[in-house]
Amino acid sequence: MIFDLIKKRRSVFPAQYTNEPIAKTDIEKILEAANWAPNHKSTEPWRFKVLQGDSQRRLGEFLS
């Protein structure tokens with residue numbers, strides 16, 4: 001499912017967000033797909049951080 005969404009969509013808008021938690025398996029699939037994203041002159045490795053729950057809230061407060 002997530003791979004089909006990534007292939008078909010290029011934008012995500014705030015109106016599409018929900019408060020539902022994202023399953024760990026879905027996050028892993030998203031990160032796997034992100035590893036296949038085009039990059040500038042193969043300047044890998046990619047690094048990703050996944051924040052959920054209280055960590056996400058604290059980062060939002062810090063950034064605001």
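How many helices and strands does the secondary structure of the protein chain come to? The answer is 3 helices and 0 strands, where helices (H or I, at least four residues) and strands (E, at least two) are DSSP runs numbered from the N terminus. This is a predicted model: local features need pLDDT of at least 70, side-chain atom pairs count only at pLDDT 80 or more, and totals for chains, interfaces and linings use all residues. Residues are numbered from 1 along each chain as its sequence is written, and side-chain values use heavy atoms, with hydrogens and water left out.

**Confidence**
- The protein chain has an average pLDDT of 83, and 92% of the residues score at least 70; pLDDT is the predictor's confidence in each residue, from 0 to 100.
- Helix α1 (residues 2–8) has the lowest mean pLDDT among the elements, 77. Helix α3 (residues 53–63) has the highest, 92.

**Overall form**
- Along the sequence, the pattern is α-α-α.
- The radius of gyration is 14 Å, well over the 11 Å from the globule rule for 64 residues, so the chain is more spread out than a compact globule. The radius is taken over C-alpha atoms, and the rule is 2.2 Å times the number of residues to the power 0.38.
- Along the principal axes, the C-alpha atoms fill a box of roughly 35 × 25 × 20 Å.
- Of the 64 residues, 5% are buried (buried: under 20% relative accessible area; exposed: over 50%; partly exposed: in between; 1.4 Å probe, protein chains only).

- The structure holds 3 salt bridges (a side-chain nitrogen of Lys or Arg within 4 Å of a carboxyl oxygen of Asp or Glu).
- D54 pairs with R57 at 2.5 Å, N to O. R58 also bridges to D54, with the closest N and O atoms 2.7 Å apart.
- R58 and D54 lie 4 residues apart in helix α3, about one turn.
- R57 and E61 meet at 2.7 Å, N to O. Shared partners join D54, R57, R58 and E61 into one network.
- D54 is partly exposed at 40% relative accessibility, and E61 is partly exposed at 47%.

**Surface**
- L51, L59, F62 and L63 make a nonpolar surface patch of about 440 Å².
- F62 sits in helix α3 and is exposed at 68% relative accessibility.
- N19 lies in the loop between α1 and α2 (24–35). N19 is exposed, with a relative accessible area of 85%.
- Patch residues have over 30% relative accessible area and no salt bridge; like charges are joined within 9 Å, nonpolar side chains (Val, Leu, Ile, Met, Phe, Trp, Tyr) within 5 Å. Areas come from the Shrake-Rupley method with a 1.4 Å probe; for residues, only the protein chains shown count as cover.
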